[in-house]
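Here is a friendly walk through one protein model, meant to be read with the structure open beside you. The tour goes from strands to domains, and then on to charged pairs.

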Amino acid sequence: MNIEFSDKLKKLPPYLFAKLDEMKREVRGKGVDIIDLGVGDPDIATPEHIVSSLQKFSTRHENHRYASYKGLLELRISLAAWYKKRFGVELDPELEILPLIGSKEGIGHIPLAVINEGDIALIPDPGYPVYRAGITLAGGKCFSMPLLPGNNFLPDLSSIPETIAKKAKMMFLNYPNNPTSAIADRTFFSEVRNFAERHNIIVCHDAAYSEICYDGYIAPSFLEVDGAKEIGVEFHSLSKTYNMTGWRIGFIVGNSKIISGLGKVKTNLDSGIFQAIQWAGIEALNGSQEEIKRTLKIYQERRDTFVNGLKRIGWDIPKPKATFYIWAPVLLGYSSMRLVLSLLERAGVATTPGVGFGENGDGFIRMSLTIDKKKLEEAVERIAVWKRSG
Ligand SMILES: *Cc1c(COP(=O)(O)O)cnc(C)c1O
């Protein structure tokens, strides 16, 4: 039989990380012990009290059935309390909060609720690949907002052509940012609100890294800005905050109409989050936050060791205030892809090419701090040897 994929599927680029995994396998096959700075996935275990909670709740029969579409009320109440305490923003647990099977799921699905064939969506470039994928599968067209060092990796809203802004239906933003590790302040969020109000654009802010901050920096929520709830939503996740990437639990907050649209998509496509995981999520939110603080200290130490080490060997990169990524300008005039290949094959260090996040990422590579300090020191040594050998 001749199996032909849909035009939409064909438009999706191969998922970058799958392709890089293949390359890593190839190099490993040659016997190289790779130091992997490629994937942003916490290497530190989920805190014990959260794991115990899952153990306890997973044995209870009532948790084995389909979960409710809206998630446990107890979870939504805990999320509202966490949000109020963290950002000072009130949320209605019935209408303004919806749990997700990881925030990637909601980010990927939300365009289906608002995008019609051919509609324009504004996305950051470089950016998390799921924004483009979700919009493409919904039949929308992406317009890239360049994130450049000259503007602290914030989009320059005034450079978006009037005709595009008028037609745009939605916008994705992400601060603290993956991959650039840039941060945004309330002033910028206010500008976004003004721009979105003026042009009737739905703002979808991805705050997956809101809790991964250093040096006393505290990331704001987009919803802290007056009127933000009228025009937008914010995605959050327990993945990075509590080292729970494999558990699949996140949530969306903000505008109730937008959330009801995503809810309608989801009731037609999925059946909620395993209830025992929801109870464990409640434990994560309400229980001790000491382990998060420990995790952040570990990341901060790794950041300092790695960035100071690279500086010693002549690679000067600013220390990020948030996320566990180092966004490094390429060396020696390489393209990001060629630099990544060279570091992989000749230094045994796996990194991620900036171009994989969009064409404006090409002058950079991304390195993750999700690996222990000793390994990061060794990576610096390997890069130093690689650099000396030209
Ligand atoms: C990791 C990540 C997410 C998604 O995390 P989930 O595990 O799906 O909750 C969302 N956005 C960005 C930018 C990320 O890096």
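Let us begin with strand β5 (residues 168-174), which is mostly covered: six of its seven residues are buried. Buried means under 20% relative accessible area, exposed means over 50%, and partly exposed lies in between (1.4 Å probe, protein chains only). Helices (H or I, at least four residues) and strands (E, at least two) are DSSP runs, numbered from the N terminus.

A word on the source: this is a predicted model, in which local features need pLDDT of at least 70 and side-chain atom pairs count only at pLDDT 80 or more, while totals for chains, interfaces and linings use all residues. Residues are numbered from 1 along each chain as its sequence is written, and side-chain values use heavy atoms, with hydrogens and water left out.

Strands of a sheet pair through backbone hydrogen bonds, either parallel or antiparallel. Two strands count as paired if DSSP finds at least two bridges between them. On one side of the story, β5 pairs with strand β3 (residues 120-125) in the parallel sense over three bridges, and L122 stands opposite M171 in β5. β5 also pairs with strand β6 (residues 202-206), again in the parallel sense, over five bridges; here F172 stands opposite C204 in β6. To get from β5 to β6, the chain crosses through helix α8 (residues 186-199), and this β-α-β crossover is right-handed. That term applies if, with the strands pointing away from the viewer, the path from the first strand over the helix to the second runs clockwise.

β6 in turn is joined to β7 by four bridges, and these two strands run parallel. C204 has V233 as its bridge partner in β7. How many residues of strand β7 (residues 232-237) are buried? Six of the six are, so β7 is largely enclosed by the rest of the structure. G232, E234 and H236 point one way from β7, while V233, F235 and S237 point the other way, and all are buried. Five bridges join β7 to strand β8 (residues 250-254), and this pair runs antiparallel, with F235 opposite I252 in β8.

**Another sheet**

An open sheet of three strands has the order β9-β12-β11, with antiparallel pairing. β9 (325-329) and β11 (352-353) stand at the edges with a single partner strand each, so one side of each is left without a neighbour in the sheet. β9 and strand β12 (residues 364-368) are joined by five bridges, and M367 in β12 is the bridge partner of I326.

**Two domains**

The domain assignment gives domain 1 (7-45 + 290-389) and domain 2 (59-286); such bounds come from an automatic or database domain assignment. Their C-alpha centres lie 26 Å apart. In all, 30 residues of domain 1 are in contact with 36 residues of domain 2, where contact means heavy atoms within 4.5 Å. The area buried between the domains is about 3,000 Å², and carbon and sulfur atoms give 63% of it. Buried area is the accessible area (1.4 Å probe) that two parts lose on being put together, summed over both. Three salt bridges are counted between domain 1 and domain 2.

**Salt bridges**

A salt bridge is a side-chain nitrogen of Lys or Arg within 4 Å of a carboxyl oxygen of Asp or Glu. By this rule the count comes to 20 salt bridges. Here are three of these pairs.

| Pair | N to O distance |
|---|---|
| K8 and E117 | 3.8 Å |
| R302 and D43 | 2.9 Å |
| D215 and K321 | 3.6 Å |

K8 lies in helix α1 (residues 7-11) and E117 in the loop between α5 (103-114) and β3, so the pair ties together parts that are 109 residues apart in sequence. K8 is partly exposed at 29% relative accessible area, whereas E117 counts as exposed at 60%.
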